[in-house]
Structures are given as structure tokens and as C-alpha cells.
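Okay, thanks for coming, everyone. Let me put the structure up and then talk you through a few salt bridges and helix pairs.

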Amino acid sequence: MRTPPWTPLALFFFSGACVLADEVLWARAYGVALGATHTAEALVLAAFFAAAALGAWIGGAWAGVARAQAWRRYALCEAAIALGAPLPALVAPRLAEAPDAVAWPGALAFLVLPVVALGASWPVMVALAAPSGRAVGRLYAVTTAGGTTGALVASFVGIEALGVRGASFLSAGCSAALAACALLLARAEAVAGAPASPLAAPPSRLRSPVGLRPWLLGGVGGALALALEVLGARLLATRLPHTAYSFGVVLATQLAAMAAGGALAARWLRRPRVAQVRAALLPAAGGALLLLGPLLARDVPIASPAGLGSELLRALGEATVCVGAPALLWGSLFPSASALLARAVGERRAPRLLGRLAALNALCGLGGLVVAHFVLLPACGLGGAFAALSAGGLLLSVAAGAPWGRAALLAAVTAAVAVGAVGYEGTFLRPGERVVAARTGPAANVALVEGPQGNLRLVANGRYTLGDSASWHFHRRLGWLPALLAPGPRRKALVVGLATGMTAAGLRQGLEASGAGRGRPQVVAVELLPEVLPLARRFARWHRGPLPPVVTGDGRRALARAGPLDLVVYDLFLPWRPGTANLFTLEAFRSAQRAVGEGGAVAVWLPLHQLSPRGTLWILDTFAAAQPQGRVYAGRLEADRQALLLLGGRAPRAEVRRRWQQARARGVLLDDPVAEVPPDALELGTLDAVRTALVRAFALSGGRILRDDRPALEFVGARERARGALFDAGRFRRLVSACDRGRGERGGPRPSGAARALRAAWAAPGGALEALRGAIRDPEGQRLAFRIALREADRARGTGYPLRAARLLALAMQALPAERRWGIAREALRLLRSDPAPDTLREVLDLVPAEGAAEEEQAQALAVEAAQLYLSARRPADARRWVLRLPPTHPARAPLLVLALWGQGRRDEARTVYRNAEARRPGATRAVLERLGAWERIRAEFEAR
């Protein structure tokens, strides 16, 4: 009994699903073992494509056999894939700690067996599918559709549910099942006594000359497809949040488009002559569609979807526009070239030549990946790289023999669209900002953006702010707080993450100023993105000294090679983001602990505004498993953003106080409100105490240890971010209250007044305003609360919130003696000119004494300002009260009194005041009223009387 015709396609669908699932899992495993750098990714992909090309060449030589034997060889390929698929996940933990000379060859060696088998399976599949033109396109569509399914299942379900190793073993089991099915089919073919396949016959002469067209389309088409994958991922990184879900959607979209391209190729290959013309036009048409991505990204604003489903739909739409349309056409190049080649040489020679075509496609794909990554992006920028790739598609169409008329039309369209796409770099600017410097390289697009007030901001891939000069005191605090709190000699320190360089500079200055031991301390920074380094030097005025030495590379690999250290400091990272999530696993924390030894310390900063209570609990549990004696500190002071510092160990309290006083005396902590509080007063508790507070405050069921094999935080963090479950000020207030309550239950010391003021500012739901109202009346914390209010007012004024700034200034006035309130009151009134809110105006003016100004002119100017603002707020009675504070001879008294009386409805009195003033100084009162813009409202009645 012959095999049903749909059986091979069903097997090949599941084979494609297992292959793409394996690729996702291998990339995940080697991202931990070799680092998340672009060099590591490029080398792994290079080895993958080289091995796949070798396998395709071997598979082509295998394919010319009888059908039963072809099924056996296909089963052998699947068995080899099943045997080799779990190997990268099994060896990755050991390679992560190995030196580069061992890790790189070892990692690449374990890829050879499954990838060679993967490449060899394609020509055998072609032989089993009967290599007619339409059959090749249909086979390509089926296997690629299976790959789409496998990538989605692995990215969305497999890794989170089973872990990398568990998912690898499941995929290997599926490949083994496919091998068993293939053996059963081979037996069925042999038992049925089927005649030898024409594939087993000697090669016949060519039906028609092959020519270069199939080889050009298959080879260069592979280069275009892989370059599209690189550039499309970079473009979408400027538009989409970088999560495991968005990566899976983008990959699945491109694969689905390529599957649709294979099905399309199978459909239009019915007419050979028309098929050749269409195949030749595909590269140019895809190049024209390619440029729509940068154009739409330039003009369409980024939406803010609510919920994970909405976010994924947006990712699907953006990926379809940016990479789906060109992938549809360029994805059909290889099946079209295969079909043209099969039709030209006949079924007997087709499998061998198609194996060679697949090898050429893989090698050219490797070349396209390298050129896009290391040549086009650094040389042309993002928009220029898209234009260059589009031009490559046009040249391929010309070389493949496209009709000149249609090629010229596509060239004109491409040139017109390229004009708008060339300058696109994907950096999204706030109002009043401009890009002053940019670096585009293999790793990322990094831009230095200047704001309207000279504020500099460092932006990676268009949407991720790595740091800004407006928060320089905060970024330096990330360095000097661990320097003061960490135990031990602290002579050699490593900072994971450079960004603006302020954290590394703060750490170095904190170590130097607080007495780090004999000699100058050595601080080294590790930065994943090489493009950051030249732009970080533009923040030199905030570094207060030279930058420390910088090593470019992966943080975990740097920790493994760093040798003996005294202190390791993690800068702020997104703990659930792919790539950086590897820094927050148990293996990473243990690697850092081995680097510092027994007497050193590891300091990890957590951005609470990017974490949910559940994710924070998981990180605490994981850190506690590596650092049981760790402690937690509240270390950030921002309006709506808080952070925690996890520190392994702690110096004695007396030593911390001595370092703090010494650093303050040397000016390291200048202009930082947190410097008013001893660092040990910022402690929330031990890891166990804060964990208990988290469970109590948010009714959490239990924790989890994060591991390299089970990166659950990547998925849970992305989901909870999408549904708004991250820490806000209210949730942080609950955590701080639970920590303080637990400390009181254990009989611990009560926080000082300054610490209470600082916590009040951290825990404020709308910034420092409401919480500071009580803190500023505390004698112990009044000085700190005053400085916090002034800084928050300056921030609110700079970001365009004058009313909030005025309310903060009114709050700061409460901490000053009455005779020192005049200057701040005038500044608050100036802020209220654009929005004279009566309640805020009264709040400010009620704090101003009736007398006691240093100068009489100062008091009079304030009275004039207050009267005018009350008139703008339509409060004439309050305005009249302030006008009467002016002396009778003041030039503004009469005009303002006229307007106040007029607004109260006392018009006869207003006319009397006006006539008396005009009699004393003709025209003076009217001139002031005209300058105030009020004369036109009242002149008719005044002149009529």
C-alpha cells in the first residue's frame, strides 16, 4: 500500500516546528553560555549556517535513492537532530564559567551534529515530495509554517512551562517520534514492493540549460532574507517593548510571511515562462516594500496599548508592515529558484542540485547577516541600511533578467521612497529635544539627546533612556551608597553597566573619599553596547573626574574573568528583559559571589517602577539563596520611581557613619538630599524581613528561585507590566509601612526624623508634595524635607508643571522663618501667572507676613503681584485686600483698586477713585489700566460719565 500523499507534508510540518523550536532554545542557552553580545550572536549564527550548508550539500548527495531508502535517510536525519538538540542546553551551564578558549569551540562543536542533520534533511524532503515546481514551493510553505508554530510555542509556552532543558528534551522527543514514523513509512514502502523511484535511475540530460538565474535568486535571495531579519529586528526594537513575547511575535511574523511566499510561489509556477519573469521581479518589488517600514515608523506615533493582548496585536501589526511585506516576496525567492532549477534539470538530478542550492542559500544568508550587522548599520545608519538593502534587491532583479520597463518603474518607486527613509534613525524625541550625537553599530542605535534647558539624555534603540544629566545626583548615588555601606577593604570594584558613566564615577569617588584602604581604589566598568562609550564621555562635567577603564562585553562573562574583587555593583537594568534577565538568576548571583570571595560584597539595584511585587519577591528569594546575610535599602528619591538596593553583607554601623562623614567633608555628596541621612538609616531590613513584608503587604503565596534554565521572570514581568501591576508610589508606601511595622514588632530601632522625611517623599503617591506636608513639620526632618521640596519644585518647573512647582514652594516656605519667605513667595507667584489657581495662591500668600520684608520695595512688588493674580483668578475682594497694603503714593495702587472695586460691583466707588487719581496725576492711572489690558472693558462707562 502506497503512502498517502498528505503524509510526507504532515511529517515535514512537524519537522519544521521542531527545528525552529530548537533554534529558539539554542539561542537562549548560548546567550547564557557565551554572553548576550552581538559578537556571540553573530558567531553562533555563522556556525549554524556553515553547518547547515554542509548538511545540505551532503543531503543532496544522499537523495538519489529509492523511496524506501530515502525515508530511512530522513529518519537518520531526524534521529541525529533528536540526539543533538538537547546538547546546547545541557552544556551551557558549564560553558558559562569556562574561559573563552574552551567555551567558544565547545559551544560550536555541540551545534555541528544537529545542524548538519537539519541541513541534510531538506534535499531528502524534496526527493520524497517529488521535486516538481509546485511541489517544492508547497514543501517550503509547509515546513516554514511548521517553523512558525514551533517558534511561537517555544517562545510563549515551552520555556516558561518546561524550562530550556525541558523544552529541548520535548523537542528531541518529537524529532525521535518523527524518525520512528519515517522508519514505519520506509517499511510500508518496502513491503508494498513499490518500484524503484525515478530518483534512483541514472541522471538524464538536462531538459533545458540551467543558467545562472536559479543560483542568483537562491543565493542572493538568502542574503537578502537574512539581512532583512537583522534590519527588521533593529527597526522594530525602536517601536516595540523588548520582551520575550514581542520577540516571538516578530520572529513568527517573518516566518509566516515566508511560508505564505512559498505557497504563493507554488501557485504562480504553473506557467514556466511567466514564472521566470515574476521570479526576476520579486527582489525589486520586495525592496520597494522594504522602505515602507522606516517611512511609517517615522510618521506613525507609538501607541500605548492596555493589556498584553493589545500589545501583541500592535507588535503583530508593526511587524507585518515593517518585515512581513518584503519577507513575503523575498521568502518566495528560494522556493522559486528551487522550482526553476527542478524544472530545468528534471526530477532525476533535482535533489542533488537542490541540495547544492540550499547550501549556497545558507552560505549567502551568512554573508547577508554579516554584511547587514557589521557593514551596513555602522556605515549607513538604520535608514541608510534599509535603502542599501532595497537597492540590492533592485540589482538582483536586473541581474536575474527582469524586463527593463518594469524594473525601471520599480527603481523609480524605490528611489522616491528612499528619499524619506534614508535619514531615519528611530530616536523618539520629547518636545523641544534634538539629537546632538548618534552612534549606530552592530549592537544598537545610541543617541545623545539635548533638551530645551541643556539637559542631556542617552537613548538606546530609540526608546530606552539609559540616563540623563537632570538626574545626575541619583545616578552618582547608585555608586556612592554601596561604596559607603559595603564591608571589607573595597580596593577593587566592578560596575556592571556603564551608561552615562555617573554610577561608576560615583563609586570611585565614594571609595576614594571614604578611605578605601591603601592606595587608590581600582574601579572597572563593563558595558554591553560599544556604541555607548564615546557618548558617555559627553557627560564629563557630571563625572567630576575621568571615567574608569571600560571593558565591552557581557556582564556575566566579565564576572567570570574578573579575578578577585572586593565589590560588584549592578547598575539599574530591566530584570525581565531578555538578555539582562540573565544577570538576576541564581547562577549569576553565585558567579558574582565567587568573584568577590568571602570578604567582598555584591550590590544589586532593582528598579521598582519596572517590577511587580511578585517579581521583586522572586529576585529577593534568588539573591538570598546566594547571599543569605544580605540586606535591603531604599535608595532612590524620584517623584514616581523608587528603587531597592540589595547588598550582601554590611559594614559595622560606626564604620558606615565614619565613611559618610568623611565623604561629606570631601564634597562627594554635594547637592544630594539623601546625603542628609546616614546611609545605614535607609535600611528597610534584612532580606528575610523585607520578604516577609512583601508577602504580608501584597498577600503573595510564595517565592521562586530564578535560574538560567527557568527564566520565569521574563514572562511574568512582561505580563504584569502590560496589565499595570508594577510598583507605583502607593504600592511602595505599603511595602515601607510593612517593613517598619515588622521592625517594630521585632523591637528594632525607630527611623530617625530625617529618614522618616525621606521615606515620606519616596512613598508619596503623587510625588513629594502630600507626604512632605507632615514631614516638613518634624524638627528632625525639616531640613531634609525643605531641600526635597525645593528640588522637586525645580523639577516640576523644568518639566512644565508650574502649579505643582508653586505648591511645593509654598510647602518649602513652612520650614523658613517668616522674614526669609519673601523671595520664595515671589518665585511662586511668578509660576502662578499662567494658572492663578485661587487655592494655591491663598496657600502661598497666607505664609507671607504682613510686614517684615528686608526691603520695602520687595513687599510692595509682592503686593502688586498678588493683587494682579487675584484679579486674574476673579477674586476682587482678595485683590483689594492686597492693594490696600500699598502706600497711597504707589503708582499701581489706584489702577488696581479701581479694578478690584469694579470686580466687586462697587462701580461708583471705582469711578471716584479713578477721578481722584486722574486729578492728582492726569493720564497715569489710565496708562496703567491700558498696560494691564483692562481699560477697554471699562472705558465706555468711564468716558460716558
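I'll start with how to read the model, then go on to charges, helices and a surface patch.

So, this is a predicted model, where local features need pLDDT of at least 70, side-chain atom pairs count only at pLDDT 80 or more, and totals for chains, interfaces and linings use all residues. Residues are numbered from 1 along each chain as its sequence is written, and side-chain values use heavy atoms, with hydrogens and water left out.

Charges, then. Side chains of opposite charge can pair when their charged atoms come close. The rule here for a salt bridge is a side-chain nitrogen of Lys or Arg within 4 Å of a carboxyl oxygen of Asp or Glu. How many salt bridges does that rule give? The count is 21.

Let me pick out a few. Glu311 pairs with Arg721, with 2.8 Å between the closest N and O atoms. That one links distant parts of the chain: Glu311 is in helix H11 (residues 308-330), Arg721 is in helix H24 (residues 712-722), and they're 410 residues apart. Helices here, by the way, are DSSP runs of H or I with at least four residues, strands are E runs of at least two, and both are numbered from the N terminus.

Next up, Asp708 and Arg556, whose side chains meet at 2.7 Å, N to O. Asp708 counts as buried at 14%, and Arg556 is buried at 7%.

Then there's Glu450 with Arg434, again a salt bridge, closest N and O atoms 2.7 Å apart. Glu450 sits in strand S2 (residues 445-450) and Arg434 in strand S1 (residues 434-440), so this pair ties together parts 16 residues apart in sequence. Glu450 is partly exposed at 21%, and Arg434 is partly exposed at 49%. Also on the charge list, Arg508, Glu512 and Arg520 are linked in a salt-bridge network.

Okay, helices. For the geometry, axes are lines fitted to C-alpha atoms, for helices over the stretch in contact, and angles run from 0 to 180 degrees between N-to-C directions. Helix H3 (residues 67-84) packs on helix H5 (residues 100-128) at about 155 degrees, with the axes 8 Å apart. H3 and H5 are therefore roughly antiparallel, a label for angles over 145 degrees.

Within H5 we find Val124, which is buried at 1%. The C-alpha atoms of Val124 and Trp71 are 8.0 Å apart, with the two residues 53 apart along the chain.

H23 comes back here: helix H21 (residues 613-626) packs with H23 at about 155 degrees, axes 10 Å apart. That makes H21 roughly antiparallel to H23.

How values were computed
Buried means under 20% relative accessible area, exposed over 50%, partly exposed in between (1.4 Å probe, protein chains only). Angles under 35 degrees count as roughly parallel, over 145 as roughly antiparallel, 65 to 115 as roughly perpendicular and the rest as oblique.
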